Each structure stands twice: as structure tokens, then as C-alpha cells.
2 protein chains.
Amino acid sequence: MKPLREVGEFEAIRRLAAGLGGAGVVVGPGDDAAVLRPSPDLDLVMTTDTFVEGRHYRGAWIGPEDLGARLAAANLSDVAAMGATPRWATVAMGVRAEHDLEQLASLQGGLVRALAGSGAVLVGGNLTAVTGEESYTLTLLGEVARDRAWRRAGARAGDLLAVTGTPGRAGAAVLWLSSSVAPAPGELLEAMRRPRSRTALVAKLAPLDAVTAAIDVSDGLAGDLSRLCLASGIGAEIDEAFCFQDPVLMRAEKEFAGLKSGSLVLGPSDDYELVLAVQPARREACVEVAAAAGVPLTFFGRCVHTPGLWIRSDHGATRPVVEVGFDHFSRDAEG
Amino acid sequence: MKPLREVGEFEAIRRLAAGLGGAGVVVGPGDDAAVLRPSPDLDLVMTTDTFVEGRHYRGAWIGPEDLGARLAAANLSDVAAMGATPRWATVAMGVRAEHDLEQLASLQGGLVRALAGSGAVLVGGNLTAVTGEESYTLTLLGEVARDRAWRRAGARAGDLLAVTGTPGRAGAAVLWLSSSVAPAPGELLEAMRRPRSRTALVAKLAPLDAVTAAIDVSDGLAGDLSRLCLASGIGAEIDEAFCFQDPVLMRAEKEFAGLKSGSLVLGPSDDYELVLAVQPARREACVEVAAAAGVPLTFFGRCVHTPGLWIRSDHGATRPVVEVGFDHFSRDAEG
């Protein structure tokens, strides 16, 4: 154990800054700012996301290395949702003086490796002491062909809706861990602890000109899809069968009465998967690219003129989705 | 009063995101990431800095708008210290649920106006709830001519040392407010609450090819200068008279026995001024540019071969500076 209080700020920074840098980094950590070399003629994307202890994670549920990787995933998915390639990141860490330096180095190691897996490098950061909750803020830059970033606003009625991976599992893991003493299924824990980056798939999809709008699932499928719809001025129909087709969630529902597959798939869940609106004529091309990349891509509904989110049964009847988002400031979110 | 708990996260974000954007911003807040258009053939600089309540500021000492401006200054000075032009920023705010939305909007307003004063725009952010200390992390991008960023490592023995403004006043204000009930002098409060951006001066200095190394004073002149020296593999002599020439600090020393001008000028003080190493032959050119820009620029010493920091008396005798930095994790820094 080497608590930061004993190691000191400057020694800790020296340790954490050592060995950082990589592609496109002219000056790495250790100066007033990092110096980076953007690719010619590309647009830059910029996003930032914070994890707060007790709110976005609990130390008992996730180890430091996974936490670092998950923080990377939260930002990588935002860059991926713009159709962009992740490049450079800074991290601001607010930790207590008794925080162990080795644990902090593990967290940063998980972060750096997850970024590297998507082609991005950590180029600097900030370390400060707190007495309350700890928190980590990652800011990530990416690059995208000029004027070709995927917006939330580009979807049109008739476009198909697809999602990567198996949304709902991360939220199910949190529900399970909060409410049950029984060991949580490994697939749920893995979804929460090790969300996959979809950067490689995005790099293959972008040139297809198939995607008209995109958003990442950082709040829950229904909440995030409704934001895409609002931005695009449309509504969306979700096929009912889609809510009951993930065998892992169906099994979890049987094992633990508190879980309902339908609301797990649509409700609050930080899966960091991507929701894509796709031109119908390009559906097969997307399916082929996803299969080649080994990424599950499920077409689960379609964009419609009528605003709002709708569940469409096998018989074609529709009913509204009761929206389930997550408000960090609401009373229910406390604790 | 509109506490965030009642307003809700998404309404608060809508309010804070409204009207943001500006030069070089293709897509502003409201998507998964901002989209920016870098200038052709320039390098990018990237820095991040966090203010933690009770550690970097106290609500009783600084209003929300000044706090936002000061957060901007902390990052602007890092970009200026690279010889770069500030462009785009994101802010991650961690605030309590009872935080008033109007106060938060004032803070962001101060931030946005201070950035605008240096040619930069806020392009996005993150808002999350905390129960402990509040904190604000700004990440700022700037642009600089390719391979022309000012490094800490470029100073050579014989180079002259200059500093902008009047370092020490911000630290003096904090000392005064922590230890005295007497009203603090207005000039000290102003230095703490409204540090000046040196971006305009940097834009004039950069083409002169005069500056060999630079660092911003975010920790105190002695601490930051020693980091520049360490990076450059040199030492520095500070003229003794320089430590006793700011009339505001000299007056403060007389009025309040706890303050000593010499240690105020060299000791812990977040002034966000710039320390520059300058080629001797370019001194006059720098003086002229600073005078034209209306920015105080004081030549206070020189780079020497002998490592370490030294005070040089009027008679030429030198003695070592007892280094006075600030470690956020040390026991003394608590509270």
C-alpha cells in the first residue's frame, strides 16, 4: 500500500505520466499541455464524461482496471456514435489522500489499454485530492471525414433501426447487485465491467453511407432512442420480439423475480452500445460488415412519422413505450 | 432558487447548452460529441484542469461568475504557456442536487465570457450529481504553428527570465482571507478572482522567435520555475530586488504581519501568469511588444548552468531558494 498522502502529488504524477504518448503525439505529459498533430482535412470530435463513485460505479462491484476500461468505453462510444475514430484523451482524477497509488495506476492502466484497443492514446491529465466521493473525468478527441460525422438529427421516417451487442445487460447487472445476495450471472457482470468498443465496426460502416443517424446507449435504449427521435423530428417503432430475445436476460428474469426482460432491454442501462438509423437499401451491406467484424447487429425497429416511441407486436398493433430514463438529480437517484 | 433536484438533469443540460458554439464549431452541444474544424497545418494543444470546492476555491471568497472565469484562466494560461491560441473547451461539472440552476448558469456564463475574451468557445460538457465537494473540470484545446509550441525544456544558460503581471497577489489573497478578519485589499482580491489572460500577448510574442521555454504560474513562481529548470537541465538566478518591488504586496506586508513580500512573490500562488525564458538579444523586442499590449512584463533573473534556484543580491552574492511548492495530498494541504 502506497497511499497518495505518503507518496505526494508530484511523485504520483511522475508515476502516472511515465510511458504515456503514442501516435500523433508531438509532446506528451509533463508540459503545460500536450501537443498533438491532427490528420489533414479531417474534422475533430470532442466529448467528455465523468464517473462519480457511488453513482456511476461502486468499488465493491468493479475493480480498478475494469473501472478504467469502462470509463474509456463511456467516451469511446460517444466518439463511435459520431462515426469517428478515437485519437487522444486526457483524464482528470479526483481521489482521496488515502487512495493507493498502485490501485490508481491499475485504473489508469485499464483506461490506457482500453483506449489503445480502439487506437487512442492518453496524453495528459490532472490529479487532485478530494475528501468526498472520488471521480474521474475523461475527455476524448476523435477524427472523422469532413462533414461526415453521424448526427442524432439525420434519421428519416422509413429508416431502419439497429443496435450493436445486447443492450440491457449492464443495467441488469446493477439491478441484480443492488437487490440480490445471490451471485450475479457472469454474462451480466461482464457487460457491466467490460463493455465492448464498437470503433472497429464503425470504421467499416462509415464508408457504406448507410447510417443516417446514431446515438450511444449510455442511459438506456428507450431514453437514448427517444433523444435521437427528438433530434430527427420523428418517432420510432420497436419490435416487441426484440425485447424478449436475449437468452441471458430471459434466463436472468427466470432466476430473479425482480428482473423483467422487456424493461431491462429498454430501461436504464449503460451498455455503451450504438443505436443506428440505417437506410433500408443498405441493410444487407451493414449486416455483412457486422458479421465480418464479429459484432452482433440487431435490426429491432424502424423510424416512423408519428412522434414518440412505440412497441409493435407481431400482429402489427402498436402501443406507446412508457419512457424510462435516468435523472441523476432526481430524488430516486440518490444514494 | 431553482435547485437542480427540482429542475432535473435534462432540463438543466438544455438550459446550459443553449446558445453555445462559435468559430470552428461544426456541431455544438446536444449530440454525442461536438464536431470541430481545426485550422490546416497547425498542431493542436490539449490541457485539463480541475477546481475542487474547499481546495481550489471557497464559495465565500469568490462568486459563481468569477469562479467560472478563474477556471477558464487556469486552462487558458496552460495553452498560452505553449505559445498557442485557445480554441475549444468542454466542462464537466459535478454539483450537489441543491445547487441553484441560476448560479450554475452564472458560473458557466463567467466561463464562456472569459474563454471568449481569449478567442475560445465552450462546445459541450457533462453534468453529474455529487454529495461531497463540488468540482469543475475544464478541458481546453488550442492551436499552434507546427513544431513551434513553447516547451518547458528549451531554456539554456544565459537566457533571461521574464514574468507577466504581478505574481504572488492571488496567493496573498488566499493567505489574507484564511487568516485575517480585516477586509483584504481590493488588488489582492482582484488577482485571485479575476486573473488576466495573456493570450493576446502570446500571439504577439510567438512570431518574435524570442521565447525558448515557458511555463504558467499555477503553483507559485519558485515551484513552477524550478520545473522549467528541471525540464531544461539548468538552474535559475532570481534578482532579490524583484521580490520586493510590487507596491501592493509591500503594502499588504505592512498591513498584515502574516505576509512577507519575498515569500509571497515566490511561494504558492495560482496567478496564471507566464514565466518565459528569453534569448538575451530579443529582450528589447519582447519589452516593446508587451508595452504595446499593455501587459506588465518584468525581467527578473536569468538561466544559469548550476542546477537549482538562487537569489542574487544587488551585490552579486547568491544564496539558494528554499523551495515552496504545494502538494495537494500532503497533510498540511488538508481542510
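Analyst: This is a predicted model. Start with one strand pair. Strand 8 of chain A is joined to strand 10 (residues 274–278) of chain A by 5 bridges, and the two run antiparallel. One contact in that pair can be named: Ile215(A) has Val275(A), in strand 10 of chain A, as its bridge partner. As background, strands of a sheet pair through backbone hydrogen bonds, either parallel or antiparallel.

Now widen the view. This pair belongs to an open sheet of 7 strands in chain A. The order is 8-10-7-11-9-12-13, and the pairing is mixed. Which strands stand at the edges? They are strand 8 (211–216) and strand 13 (318–320) of chain A. Each has a single partner strand, so one side of each is left without a neighbour in the sheet. Neighbouring strands of this sheet are turned by 30 degrees against each other on average, direction ignored.

Next, the helices. Helix 8 (residues 221–232) of chain A lies across strand 7 (160–164), strand 8, strand 9 (235–239), strand 10, strand 11 (297–304) and strand 12 (308–312) of chain A. Helix 8 runs at about 140 degrees to strand 8 of chain A. Helix 11 (residues 283–293) of chain A lies across strand 7, strand 10 and strand 11 of chain A. To strand 11 of chain A, helix 11 runs at about 155 degrees.

The charged end of Arg283(A) sits over the ring of Phe299(A), 4.5 Å from the ring centre. In chain B, the charged end of Arg283(B) sits over the ring of Phe299(B), also 4.5 Å from its centre.

How do the two chains relate? A rotation of 180 degrees, with 0.0 Å of shift along its axis, superposes chain A on chain B, with an RMSD of 0.0 Å. That is the relation of a two-fold axis. The same surface serves both copies: 100% of the contact residues of chain A recur in chain B. Gly132(A) comes closest to the rotation axis of the residues of chain A, at 2.2 Å (C-alpha).

One aromatic pair is also worth a look. Over all chains, the structure holds 6 aromatic pairs. In one, the rings of Tyr57(A) and Tyr136(A) have centres 6.3 Å apart and planes at 50 degrees, so the pair is tilted. Tyr57(A) counts as buried at 9% relative accessibility. Tyr136(A) is buried too, with a relative accessible area of 2%.

Methods:
Residues numbered from 1 in each chain as written. Chains lettered and ligands numbered in written order. Predicted model: local features only at pLDDT ≥ 70, side-chain atom pairs only at ≥ 80, totals over all residues. Heavy atoms only, no water. Phe/Tyr/Trp six-rings, centres within 6.5 Å; stacked < 30°, edge-to-face > 60°. Buried < 20%, exposed > 50% of the residue type's maximum accessible area, 1.4 Å probe, protein only. Lys NZ or Arg CZ within 6 Å of the ring centre and 35° of its normal. Pairing = 2+ DSSP bridges. Helix = DSSP H or I, 4+ residues; strand = E, 2+ residues; numbered from the N terminus. Axes fitted to C-alpha atoms, helices over the stretch in contact; angles between N-to-C directions. Contact = heavy atoms within 4.5 Å. Least-squares fit on C-alpha atoms with pLDDT ≥ 70 in both.
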